Amino acid sequence: GSVESKNEAAMSELVPEPRQKPVVPMKPVGINASLLGYIGIDTIIEQMRKKTMKTGFDFNIMVVGQSGLGKSTLVNTLFKSQVSRKSSGWNREEKIPKTVEIKAIGHVIEEGGVKMKLTVIDTPGFGDQINNENCWEPIEKYINEQYEKFLKEEVNIARKKRIPDTRVHCCLYFISPTGHSLRPLDLEFMKHLSKVVNIIPVIAKADTMTLEEKTEFKQRVRKELEVNGIEFYPQKEFDEDLEDKTENDKIRQESMPFAVVGSDKEYQVNGKRVLGRKTPWGIIEVENLTHCEFALLRDFVIRTHLQDLKEVTHNIHYETYRAKRLNDNGGLPPMTVETEENHESNL
């Protein structure tokens with residue numbers, strides 16, 4: 001019996017149970033703590049914090065949209081540092097690539113002792129051709145390749161304690177500030193990719209529209225996404241409780257798509273240094289909510305939903321990919337003789 005149970009244990013390590021959507025547990029009956037004295041369960045939060053601080057974490061953000069919409073500038077503004085390809089020796093003389101090229105640049109950013117390995121995945125050449133048929137395919141391929149890489153590491157018998165995570169956690173999709181409607185290309189891209197990655201639509205260079213145009217355009221974009229059945233992040237069906245639902249509904253119905261202006265230039269305004277864009281009639285302050293919604297986008301992506309973006313990527317998008325892959329393969333990827341021998345020696 002013990003050999004069988006060992007076999008079972010080894011197999012259950014290999015094939016983790018598919019993750020169910022977490023159920024909100026019933027409220028447990030509280031024990032009178034004053035009677036029993038302090039136990040110290042609450043220290044687990046601090047223990048987790050210390051562990052995370054030591055290991056740091058990964059965050060991979062992809063930017064997609066036509067050239068000239070300010071993608072690189074916006075990402076630099078988000079992280080207040082030169083993190084996009086433009087700052088990595090990319091110059092304006094470079095020709096627009098004939099097909100979509102994908103460039104990933106990694107950085108380690110540290111703030112308050114927290115280390116983040118940030119990867120910015122840029123997609124120069126997207127939507128810049130006369131014929132943009134299927135130009136989202138290289139992007140979809142890249143996203144799936146990262147899931148595949150992770151899966152291969154995960155099904156290894158001797159797997160790493162911490163698998164390097166290159167999966168795309170968030171895709172900022174830049175919409176041109178035309179004020180009219182979404183282009184067929186925008187709809188096609190989001191239709192195909194909203195199933196495999198968290199898409200956050202943003203209206204770029206929003207300072208080119210009047211306030212009324214901006215409000216109308218945002219409503220129109222929301223309506224078009226709804227009519228076309230396109231789910232952007234945060235997706236309705238993944239709200240876990242009422243609090244999440246209330247918070248996310250507000251974002252879905254009011255903020256999305258964020259109308260933003262990016263800038264990595266500093267100016268003096270009333271004795272304060274601000275990031276902004278200088279125009280003949282004044283300075284547009286990037287982080288001023290009355291000027292644009294950049295601060296809302298930053299708070300959403302970094303300050304409130306960063307962990308959730310990672311979790312939805314892992315528990316939903318990656319899980320869907322993994323289940324499909326293992327199903328198509330009739331289980332695990334075929335074992336070679338070498339791995340079979342290792343497997344037996346492990347047992």
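**Chatting through a predicted model**

Modeller: Let's start with a salt bridge: R252 pairs with D249, and their closest N and O atoms are 2.8 Å apart. Keep in mind that this is a predicted model.

Biologist: Okay, where do R252 and D249 lie?

Modeller: Both are in helix α8 (residues 242–255), 3 residues apart, which is about one turn of the helix.

Biologist: And is R252 buried or exposed?

Modeller: R252 counts as buried, because its relative accessibility is 7% and buried means under 20%. D249 is buried too, at 15%.

Biologist: How many salt bridges does a search of the whole structure find?

Modeller: The search turns up 21. One of them links R49 and E46, with 3.1 Å between the closest N and O atoms. Those two are 3 residues apart in helix α3, so about one helical turn separates them.

Biologist: How accessible are R49 and E46?

Modeller: R49 is partly exposed, with a relative accessible area of 43%. E46 is partly exposed as well, at 34%. There's also a bridge between K160 and E153, closest N and O atoms 3.3 Å apart, and K160 counts as partly exposed at 44%.

Biologist: New topic: rings. How many aromatic pairs are there in the whole structure?

Modeller: A search finds 8. Take Y173 and F189: their ring centres are 4.7 Å apart and the planes sit at 20 degrees, so that pair is stacked.

Biologist: Which parts does the Y173 and F189 pair tie together?

Modeller: Y173 is in strand β4 (residues 170–175) and F189 is in helix α6 (residues 184–193), so the pair ties together parts 16 residues apart in sequence. Both residues are buried.

Biologist: And what about F258 and F300?

Modeller: That aromatic pair is tilted, 5.5 Å centre to centre with 35 degrees between the planes. F258 belongs to strand β6 (residues 258–259) and F300 to helix α9 (residues 294–304), so parts 42 residues apart in sequence are tied together. Both of these are buried.

Biologist: What does V202 touch?

Modeller: Leaving out residues up to four places away in sequence, V202 touches several, including Y173, F258, V260 and L297. V202 sits in strand β5 (residues 199–203) and is buried, with a relative accessible area of 0%.

Biologist: How far apart are V202 and V260?

Modeller: They're 58 residues apart in sequence, and 6.9 Å apart in space, C-alpha to C-alpha.

Biologist: Which residues do ring pairs link into a cluster?

Modeller: Y147, F150, Y318 and Y321. The charged end of R167 sits over the ring of F150, 3.7 Å from its centre. That charged end also sits over the ring of Y318, 4.9 Å from its centre.

Biologist: Last one: is E154 buried or exposed?

Modeller: E154 counts as buried, at 12% relative accessibility. It lies in helix α5 (residues 137–154). Setting aside neighbours within four places in sequence, E154 is in contact with R159, I163, Y318 and R322.

Notes. Residues are numbered from 1 along each chain as its sequence is written. This is a predicted model: local features need pLDDT of at least 70, side-chain atom pairs count only at pLDDT 80 or more; totals for chains, interfaces and linings use all residues. Side-chain values use heavy atoms; hydrogens and water are left out. Rings of Phe, Tyr and Trp (its six-membered ring) pair if their centres lie within 6.5 Å; planes under 30 degrees apart count as stacked, over 60 as edge-to-face and the rest as tilted. Helices (H or I, at least four residues) and strands (E, at least two) are DSSP runs, numbered from the N terminus. Buried means under 20% relative accessible area, exposed over 50%, partly exposed in between (1.4 Å probe, protein chains only). A charge sits over a ring if NZ of Lys or CZ of Arg is within 6 Å of the ring centre and within 35 degrees of the ring normal. Contact means heavy atoms within 4.5 Å. A salt bridge is a side-chain nitrogen of Lys or Arg within 4 Å of a carboxyl oxygen of Asp or Glu.
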